[in-house]
Amino acid sequence: MKLFHLVMWRVSALLVAILTVWAVFFYWAIIEEVNDETDDSLGDYAETLIIRWLSGEEMPSKNSGSNNQYYLYEVSEEYARSYPHITYRDETVYIEEKKETEPARVLMTIFQTDDGRYMELVVYAPTIEKLDLRRALLGWIVFLYVLLLLAILAVNAWVFQRNMKPLYRLLDWLDRYRLGGKNKPLTNETSISEFRKLNDAAVVFTERSEKVYEQQKLFIGNASHEMQTPLAISLNRLEMLMEDDTLTEKQLSELAKTHQTLESLTRMNRSLLLLCKIENHQFSDEKEICLNKLFRTYLDDYQEVYAYRHIRVEVTEAATFRVTMSESLASVLVANLLKNAFVHADEGGEITVSFTAASFEISNTGEHPLDDKRIFERFYQGSKKEGSTGLGLALVDSVCKASHLSVTYRYADGRHVFTVSRS
Amino acid sequence: MKILIVEDDNDLREITTRSLEKERYVVSQAPDYMTALRKIEDYDYDCILLDIMLPDGNGLDLLGELRALGKRTNVIILSAKDSLEDKVKGLDLGADDYLPKPYHLAELHARLKSLFRRNTREGEHTIRYGNIELVPDLFKVLIGGKEVELNRKEYDILSYFMLRPGRLVNKNTLAESVWGDHIDQVDNFDFIYAQIKNLRRHLKEAGATPELKAVYGIGYKFVIE
């Protein structure tokens with residue numbers, strides 16, 4: 001969830017709650033005020049009526065034509081004692097002139113005359129329709145709420161855009177940042193100290209990881225470089241030893257095994273060194289290369305080498321795929337993809353290679369899909385294969401990155417498919 | 001044949017010396033630039049194996065010194081820097097060959113052999129071993145004076161062995177030399193065996209004196225019994 005959405009959503013939710021409580025209080029306060037006013041006037045009216053009646057003056061008509069009316073009648077002592085002296089309540093009255101019921105505030109008061117009789121006076125005063133009021137209030141609150149929400153959203157969006165710009169610029173920069181790649185320097189001028197700190201922290205951390213990455217790269221490069229000579233010396237010594245005619249066959253076979261292990265170590269080292277060189281952009285002999293042709297050349301060799309695995313190869317050339325890249329890197333790319341296909345195809349399986357003008361695809365039959373996120377990592381191997389260094393696909397990936405190409409892997413219809421296209 | 005090895009890595013120098021001495025070369029060693037300079041001033045060599053990165057100087061400067069001294073010595077540059085630039089510069093300065101380090105001793109021997117052959121038998125471009133004659137310029141093979149038809153791979157294998165007679169040749173190395181660098185990491189060498197079998201048959205039919213002997217688990221040796 002984006003920060004912006006979170007803030008908006010929380011503001012809206014809080015507003016609903018606050019406005020609801022506020023509306024209830026508002027309604028309650030207004031009703032209270034209205035009742036208070038009505039009760040006051042009812043009280044005054046009742047008092048006038050009682051004084052008039054007690055003094056024997058002429059009473060106003062019972063019904064003044066509006067719903068302002070009164071009743072005066074005698075009640076028993078028990079009744080008078082069982083009811084409070086004065087009560088107010090809300091009622092609806094039927095008004096004959098209007099032929100409809102209207103809400104009214106009612107005052108009931110019981111008083112005693114000089115001669116000890118109990119009289120009850122009921123006075124009706126028209127009042128506001130509370131349901132209408134509630135409806136109106138609700139309508140206005142909803143309207144107000146929507147208006148307020150829109151205003152707040154607009155203000156928030158504006159505030160966000162203005163104040164959070166440096167944050168989003170920084171996030172955008174971080175999104176684009178690639179370790180070990182070419183990165184634009186962070187340009188994010190701001191006068192807000194928090195954002196400045198964040199900028200500085202981001203720059204410091206990227207610089208630090210860049211440094212560590214460089215050191216690591218350098219270390220791998222140096223280590224594999226330094227290992228070359230000792231490895232070659234060991235191999236040469238072994239070979240000299242193996243030329244000794246007095247060795248028994250058993251000794252010779254042990255030596256041969258050691259020799260083989262050392263050779264695979266040498267190969268792995270060579271691949272690592274090659275990876276370092278590619279990543280350091282040490283291949284600059286770019287020229288136009290026809291990959292179809294290169295494929296055909298290598299395919300013949302590999303078919304001969306892997307003849308014992310009885311793999312069928314099918315090549316479809318819809319067009320010629322030409323790329324501008326280093327010739328040696330093109331060889332690395334093609335050789336490793338082909339080798340990968342031949343080594344990992346099932347015995348008696350099938351390899352297909354197809355070309356278009358902007359890409360080529362190589363696929364081999366295989367049982368289980370591989371992890372497409374890790375397949376191009378160094379030393380990631382779906383299943384350990386004899387004679388495989390685990391660096392072939394890492395090399396393919398590096399070559400593509402260095403040559404404006406992109407390589408993707410997918411598993412479809414029981415086949416591992418690698419697609420190389422211009423990026 | 002007298003050879004000077006200019007190489008600062010003791011291990012590498014020692015093993016190269018031993019291997020060359022086994023081939024009956026006379027070998028001198030120089031671990032640094034100054035020693036090498038003194039030696040080339042005082043003595044004459046048939047070939048100098050020259051490392052470029054030396055602790056007290058650049059091996060390429062030694063090429064200039066050699067020229068200043070007016071000596072026509074063959075030089076094979078050995079360099080860990082297998083960059084094209086170094087190679088071109090070295091060959092421009094009068095080096096005869098370039099071998100990237102780390103090198104295979106068998107490879108070094110083959111280079112030395114072809115270098116000396118070029119020098120000693122000017123005009124005659126054939127390699128002989130036993131009753132086999134190989135004419136690299138024409139891709140022709142003569143056994144006992146009669147031409148033998150070989151396919152491309154068989155010819156490449158034979159010429160590889162002709163330059164390394166009597167030496168143990170590793171299957172891997174052979175595959176990489178004949179098929180190319182991309183044939184590494186192979187765990188099955190049936191494809192070599194198939195070609196070797198054919199080559200053996202051709203040699204036997206033509207009555208060649210040397211034969212290809214398999215060395216268990218490692219590779220082959222081209223020897224005259």
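Modeller: Chain A's secondary structure comes to nine helices and 11 strands, where helices (H or I, at least four residues) and strands (E, at least two) are DSSP runs numbered from the N terminus. Keep in mind that this is a predicted model: local features need pLDDT of at least 70, side-chain atom pairs count only at pLDDT 80 or more, and totals for chains, interfaces and linings use all residues. Residues are numbered from 1 along each chain as its sequence is written, while chains are lettered from A and ligands numbered from 1 in the order in which they are written.

Of the 423 residues in chain A, 19% are buried, meaning that 20 or more other C-beta atoms, placed from the backbone, lie within 10 Å of the residue's own. Two residues are in contact if their C-beta atoms, placed from the backbone, lie within 7 Å. Take the chain A contacts between residues at least 6 apart in sequence: 68% of them join residues at least 24 apart.

Now for helix 6 of chain A, residues 249-279. With 31 residues at 1.5 Å a residue it should span 45 Å, and its end C-alpha atoms are 45 Å apart, so the two agree; the expected span is 1.5 Å times one less than the number of residues. Its buried residues are H259(A), S271(A), L272(A), L274(A), L275(A), C276(A), K277(A) and I278(A). Among what covers them are helix 5 (193-242), helix 8 (327-344) and helix 9 (392-402) of chain A. After helix 6 comes H281(A), with a positive phi near 55 degrees.

Helix 8 of chain A also meets helix 7 (residues 291-305) of chain A: their axes come within 10 Å and cross at roughly 45 degrees. That angle makes helix 7 of chain A oblique to helix 8 of chain A, oblique being what is left once angles under 35 degrees (roughly parallel), over 145 (roughly antiparallel) and 65 to 115 (roughly perpendicular) are taken out. On the helix 7 side, the contact is made by L291(A), L294(A), F295(A), Y298(A), L299(A) and Y302(A). Helix 8 of chain A brings A330(A), S331(A), V334(A), A335(A), L338(A), K339(A) and F342(A). By class, this contact has 11 nonpolar, one polar and one charged residues; Ala, Val, Leu, Ile, Met, Phe, Trp, Tyr, Cys and Pro count as nonpolar, Asp, Glu, Lys and Arg as charged, and the others, Gly among them, as polar.

Note on methods
A residue is buried if 20 or more other C-beta atoms lie within 10 Å of its own, exposed if 12 or fewer, and partly exposed in between; C-beta atoms are placed from the backbone. Axes are lines fitted to C-alpha atoms, for helices over the stretch in contact, and angles run from 0 to 180 degrees between N-to-C directions.
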